[in-house]
Amino acid sequence: MTKTQEPAEDTCPLVYQCRLPLSTSTVNHLADVLRRRLKAIRSRLRILPPGRIALIVLAVLRYDQRLADMAGGNNVSETTVRRWRDELIALLAAQAPRLDRALKKIAERGGEVVLIDGTLIPTQRRTGRADRRNYSGKHHHHGLHFLALTFERGHLIWISAARPGRTYDISAARHDHVLAHLRAADLGALADLGFRGLDNDIRDPVIAIGFTATRARKITPGQKDANRVLATGRAPAEHGFAHLKNWPTLTKLRTNPARAAHLLRALLVLTNLEVNR
């Protein structure tokens, strides 16, 4: 019996079109970023124009498309699509604001309060003891912890580096010196009980956390009302996370923690382009 590697005569790759729910301004912004990069490194034109490359990368990020499928539909190799994706993610991540600059910008605009909160981005479970650090007992699955600052209206303004899923919010805030940056910018912050103990200055507190009951002392009706007001003020922080997690590629990360921070910051830039347009 003779085996052959030739495909059947009636088989051919099938290509379909789908709608990308993003604005034209976002695609143009990403294409302009790539054009400036090519001009800076004096590179030749790519196999596809920058606008087409931007569209392919956005489709990968938005729909979490397999790189091989996107490569086959555009007559390029999978390695080429991967290189385009990593290059544009790095360029976008470089546009994400640093913590001190983001707070300074808010203060210059007349802002007084920001919202601080942490979130867990699910990841694939890996074998071995090294992955135990990524297991979150609070959420009961593996993931990476990120700390974020949100404007009063729910727009994300800064996101931290990736940390193991078992990291506490207060530990991440101390590592990033969030309290010192808030004092330097003369801004306050609203936070949940996970940040209790971060700001122990009774005379001039910066972070408003709320009241909690203990076995020996119950909270008063006035403190309950204060907690409701604080919860109402913190609600936009969840809206900011919802906008960010609207990217299906964050449903379950399949990248290593070192690249996860660049991916989140790149998606932060794209999210703000979509929300603020």
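## Exercises on a predicted model

H142 sits in strand 3 (helices, H or I with at least four residues, and strands, E with at least two, are DSSP runs numbered from the N terminus). Before you start: this is a predicted model, where local features need pLDDT of at least 70 and side-chain atom pairs count only at pLDDT 80 or more, while totals for chains, interfaces and linings use all residues. Residues are numbered from 1 along each chain as its sequence is written, and side-chain values use heavy atoms, with hydrogens and water left out.

### Exercise 1: the surroundings of H142

Work out whether H142 is buried or exposed, and which residues it is in contact with.

Step 1. Start with the cut-offs: buried is under 20% relative accessible area, exposed is over 50%, and partly exposed is in between (1.4 Å probe, protein chains only). H142 comes in at 12%, so it is buried.

Step 2. Now list the contacts, meaning heavy atoms within 4.5 Å. Skip the neighbours within four places in sequence, and you get P122, T123, R125, D131, N134 and Y135.

Step 3. Pick R125 out of that list. R125 and H142 are 17 residues apart in sequence, yet C-alpha to C-alpha they are 6.1 Å apart in space.

### Exercise 2: the buried face of helix 7

Find the buried residues of helix 7, say how they are arranged around the axis, and name what covers them.

Step 1. Helix 7 runs over residues 178-185, and its buried residues are V178, L179, L182 and A185.

Step 2. Look down the axis: these residues fall within an arc of 135°, so they line one face of the helix. The arc is that of the directions from the helix axis to the C-beta atoms. As background, an α-helix has 3.6 residues a turn, so residues three or four places apart point the same way.

Step 3. For the cover, look at helix 5 (99-108), helix 6 (169-175), strand 1 (113-122), strand 3 (141-150), strand 6 (188-190) and strand 7 (207-208), which are included in what packs over those residues. Strand 3 is also where H142 is found.

### Exercise 3: residues with a positive phi

What is phi at N75, H177 and D186, and where does each residue lie?

Step 1. Recall the background: most residues other than glycine have a negative phi.

Step 2. N75 has a phi near 60°. N75 belongs to the loop between helix 3 and helix 4 (78-93), and is exposed at 70% relative accessible area.

Step 3. H177 has a phi near 55°. The loop between helix 6 and helix 7 holds H177, which is exposed at 52%.

Step 4. Go past the other end of helix 7: just after it, D186 takes a positive phi of about 60°.

### Exercise 4: salt bridges

How many salt bridges does a search of the whole structure find, and what do the pairs R66–D69, R163–D176 and R234–D192 look like?

Step 1. Use the cut-off: a side-chain nitrogen of Lys or Arg within 4 Å of a carboxyl oxygen of Asp or Glu. That search gives 13 salt bridges.

Step 2. In the R66–D69 pair, the closest N and O atoms are 2.9 Å apart. R66 is exposed at 53%, and D69 is partly exposed at 42%.

Step 3. In the R163–D176 pair, the closest N and O atoms are 2.8 Å apart. R163 lies in strand 5 (residues 163-164) and D176 in the loop between helix 6 and helix 7, so the pair ties together parts that are 13 residues apart in sequence. Both partners, R163 and D176, are buried.

Step 4. For R234 and D192, the closest N and O atoms are 3.6 Å apart. R234 is in helix 8 (residues 221-244) and D192 is in the loop between strand 6 and strand 7, so this pair ties together parts that are 42 residues apart in sequence. R234 counts as buried, at 15% relative accessibility.

Step 5. Finish with the network: salt bridges that share partners join R37, R46 and E87.

### Exercise 5: the chain as a whole

How many helices and strands does the protein chain have, and what share of its residues count as buried?

Step 1. Count the elements: nine helices and seven strands.

Step 2. Of the 277 residues, 43% count as buried.

Step 3. Take contacts between residues at least 6 apart in sequence: 63% of them join residues at least 24 apart.
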